[in-house]
Amino acid sequence: MTINNQQKIIILTAPSGAGKTSITRRLLAQHPDKLAFSISAATRKPRGTEKDGTDYYFMSVEEFTNKIQHEEFIEWEMVYEGKYYGTLKSELQRIWNAGKVPLLDIDVKGAIHVQQQFPETTCSFFIEPPSIEELQRRLHSRGTETADSLEARINKAAYELSFKHSFHHVIVNEHLEKAAAETEQLVLAFLKN
């Protein structure tokens with residue numbers, strides 16, 4: 001499949017717990033006529049009320065690696081040991097065919113990879129927590145982390161923060177309303193070009 005490089009892509013990335021998913025949801029709710037959520041593929045099990053084909057395309061490691069071999073991903077990453085995530089080429093095409101702009105909520109390495117492939121047609125945002133301490137507090141308050149997984153996420157976040165200048169915009173999410181409004185303003189400016 002040939003990807004049309006003239007098509008626009010919006011990327012939101014951040015360390016886990018920085019607020020990118022909250023900002024993504026707000027953008028999608030406010031601009032359903034312009035934006036569509038790019039559903040990522042994942043090899044992990046669904047959490048809570050997550051649905052296959054809505055939140056993620058849940059698949060086995062075998063299915064995922066088969067798609068890697070057939071070059072069906074625009075980007076993919078083993079984010080945590082044995083847990084793959086990726087963006088299918090067919091998913092971007094589905095959204096472009098609907099006349100909308102894909103909104104990718106993906107990890108830092110994947111975001112850099114997409115941006116490198118579409119340097120002229122992407123607008124990327126790095127959502128930054130106000131501090132590592134605040135990020136740790138947010139992750140802890142979710143109640144979904146063990147002490148070990150929390151430590152792993154904090155260490156990964158510190159590493160990911162070193163890449164923030166690789167993106168077009170860095171939005172510090174100290175107050176969600178302000179961060180979401182700032183992101184929305186920049187997204188709308190990008191869509192007008």
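Reader: Which residue in β8 is the bridge partner of Ile 9?

Author: In this predicted model, Ile 9 is bridged to Thr 122 of β8. Ile 9 belongs to strand β1, residues 9-13. Between β1 and β8, which spans residues 122-128, there are five bridges, and the two strands run parallel.

Reader: Which strand does β1 pair with over three bridges?

Author: That is β7, residues 101-105, again in the parallel sense. Here Ile 11 has Leu 104 as its bridge partner, and Leu 12 has Asp 105.

Reader: Which way do the side chains of β1 point?

Author: In a regular strand, side chains alternate between the two faces of the sheet. In β1, Ile 9, Ile 11 and Thr 13 point one way, while Ile 10 and Leu 12 point the other way.

Reader: Are the residues of β1 buried or exposed?

Author: Five of its five residues are buried, so with buried meaning under 20% relative accessible area, the strand is mostly covered.

Reader: What is the order of strands in the sheet?

Author: The sheet is open, has five strands with parallel pairing, and reads β2-β7-β1-β8-β9. Its edge strands, β2 (35-37) and β9 (169-172), each pair on one side only. Direction ignored, neighbouring strands are turned by 25° against each other on average.

Reader: Which strands does helix α1 touch?

Author: Helix α1, residues 20-30, packs on the sheet and touches β1, β2, β7 and β8. The direction of α1 makes about 160° with that of β7.

Reader: What does the side chain of Lys 156 make a polar contact with?

Author: Lys 156, in helix α6 (residues 147-161), makes this contact with the side chain of Glu 160, at 2.7 Å. Leaving aside neighbours within four places in sequence, Lys 156 is in contact with Val 79 and Tyr 80.

Methods: Residues are numbered from 1 along each chain as its sequence is written. This is a predicted model: local features need pLDDT of at least 70, side-chain atom pairs count only at pLDDT 80 or more; totals for chains, interfaces and linings use all residues. Side-chain values use heavy atoms; hydrogens and water are left out. Buried means under 20% relative accessible area, exposed over 50%, partly exposed in between (1.4 Å probe, protein chains only). Helices (H or I, at least four residues) and strands (E, at least two) are DSSP runs, numbered from the N terminus. Two strands pair if DSSP finds at least two bridges between them. A polar contact is a pair of N or O atoms within 3.5 Å; within protein, one must be able to donate a hydrogen and the other to accept it, and residues adjacent in sequence count only if both atoms are side-chain atoms. Contact means heavy atoms within 4.5 Å. Axes are lines fitted to C-alpha atoms, for helices over the stretch in contact, and angles run from 0 to 180 degrees between N-to-C directions.
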